[in-house]
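These are my notes from a first look at a structure. I wrote down what I looked up, entry by entry.

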Amino acid sequence: MDKYLILKEKFGFTEFKYPQDSIIDNVFKGNEVIGLLPTGFGKSIIYQVLALMLDGLSIVITPLISLMEDQIANLKKKNISAVMLNSSVPWKEQEAIFQKILMKKYKILYVSPERLSNIYFLKIMNICKISLVVVDEAHTILWADGFREAFGEIGSFLHGLATRPKILAVTATATAHTLFKIKTILGMKEPKVIEASIDRRNLVYKVLSPKDKNLVLLHLIQTHKKEKGIIYCLTRRKVEELYYILQKKNIACSYYHGGLEAEVKKQNQRNFTKGEVDWLVCTNAFGMGIDIPDIRLVIAYELPQSLEDLVQQMGRAARDGKHGEGIVLFSFKDIKTINYFIEQQSNPTVRSLNRKKRDILVEYCLTRKCRHKFIGNYFNQAIPVCKDKCDNCIKK
């Protein structure tokens with residue numbers, strides 16, 4: 001089926017944004033591609049259109065169950081057959097899914113990287129015609145270094161397939177090191193790197209250094225009444241602590257982190273996405289691939305571990321292209337928490353790399369120059385000074 005026909009009939013758009021169409025064309029022709037597109041740009045449409053253009057099954061490898069659930073729910077509304085296999089799916093249901101896969105009832109299969117090492121899964125995949133393998137949120141391949149080692153085995157899965165399918169990796173941000181890891185782990189020989197501008201000019205970036213973070217946070221929430229916002233914390237403990245503080249202030253909020261029971265996470269995510277609460281306090285476990293267009297404010301209550309993480313977080317604001325803000329509540333105390341996570345890493349090379357990332361993030365917080373341009377420089381993109389879209393330029 002023609003890509004433009006699919007785009008119009010299934011997604012309601014008449015044209016692609018550059019470089020969506022370029023990525024689709026290159027993958028369809030057989031080129032292996034790494035696509036770099038900012039959050040909210042429409043990465044999922046690229047591989048969903050490709051899946052409908054190709055004859056066989058498309059596999060999407062993604063790190064979070066919440067991301068799978070959100071995308072499958074949206075695909076069902078468009079009458080696109082998709083399913084997921086992960087630890088939340090009971091074994092009997094998995095067996096039924098495998099049977100339907102063999103009967104060619106699905107076009108898209110979402111899996112976690114841990115699923116790929118399952119011998120039975122690989123056996124079934126070799127019976128099927130696998131046309132495309134997508135690694136979504138491909139920057140998480142860095143998690144192979146100690147956090148989720150299964151990411152490092154994606155290349156072995158691809159090698160174990162009888163025929164190498166078309167390969168696409170997509171993410172919002174990737175440094176030279178991240179690109180190297182993606183290419184190496186996926187066994188890409190000469191991939192085409194196709195990127196859009198990292199700059200989100202509809203977002204205003206700010207860094208505040210309050211003596212009392214909670215006081216400033218409450219003020220920000222009060223000045224954004226009837227708007228949606230996300231508050232990111234580095235640790236699960238801080239998420240729950242902050243959630244209870246906001247509840248006592250009668251602020252409609254929920255919370256989300258990787259340590260919650262699956263059903264609790266589902267419900268809390270649902271409460272936020274459906275607008276039953278205005279604010280979500282969470283760790284980095286929430287946000288990747290979640291399509292909520294009207295979030296107006298993203299607050300980093302604690303520093304994340306890198307500028308990549310921060311840009312990913314801030315990018316979840318204003319996916320509809322309207323005004324949004326990304327605010328960091330900076331404190332040197334947060335660096336102690338980052339240092340703790342760094343020192344838990346057993347690999348000295350990774351520790352050294354993470355220290356450099358920490359230092360760049362602190363530099364971003366302390367700089368008096370344009371924050372948009374700072375982010376562009378970090379990702380090797382020439383971005384002009386914003387003039388009025390960050391606190392530093394507004395002050396001039």
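Entry 1, a strand pair. I began at Tyr205 and found Gly326 of β13 standing opposite. The model is predicted, so I read these pairings as features of a prediction. I then looked up how β8 is joined to β13, residues 324–329: the two run parallel, with six bridges between them.

I located Lys228 in strand β9, residues 228–232. Is Lys228 buried or exposed? Its relative accessible area is 14%, and because buried means under 20%, I put Lys228 down as buried. Leaving aside residues up to four places away in sequence, I listed what Lys228 touches, including Phe272, Asp278, Asp294 and Arg296. I also checked Ala318, which is 90 residues away along the chain; its C-alpha atom is 9.9 Å from that of Lys228.

The largest nonpolar core has 72 residues, and Ile59, Leu109, Tyr110, Met125, Leu168 and Leu186 touch the most other members. Helix α3 (residues 43–53) gives this core its largest share, eight residues. For Leu109 I noted contacts beyond four places in sequence, among them Leu57, Ile59, Val83, Phe121 and Met125. I also found a second, separate core of 44 residues, which includes Val207, Ile230, Val277 and Phe330.

Note on methods: Residues are numbered from 1 along each chain as its sequence is written. This is a predicted model: local features need pLDDT of at least 70, side-chain atom pairs count only at pLDDT 80 or more; totals for chains, interfaces and linings use all residues. Side-chain values use heavy atoms; hydrogens and water are left out. Two strands pair if DSSP finds at least two bridges between them. Helices (H or I, at least four residues) and strands (E, at least two) are DSSP runs, numbered from the N terminus. Buried means under 20% relative accessible area, exposed over 50%, partly exposed in between (1.4 Å probe, protein chains only). Contact means heavy atoms within 4.5 Å. A nonpolar core is a set of buried Ala, Val, Leu, Ile, Met, Phe, Trp, Tyr and Cys residues joined through side-chain atoms within 4.5 Å.
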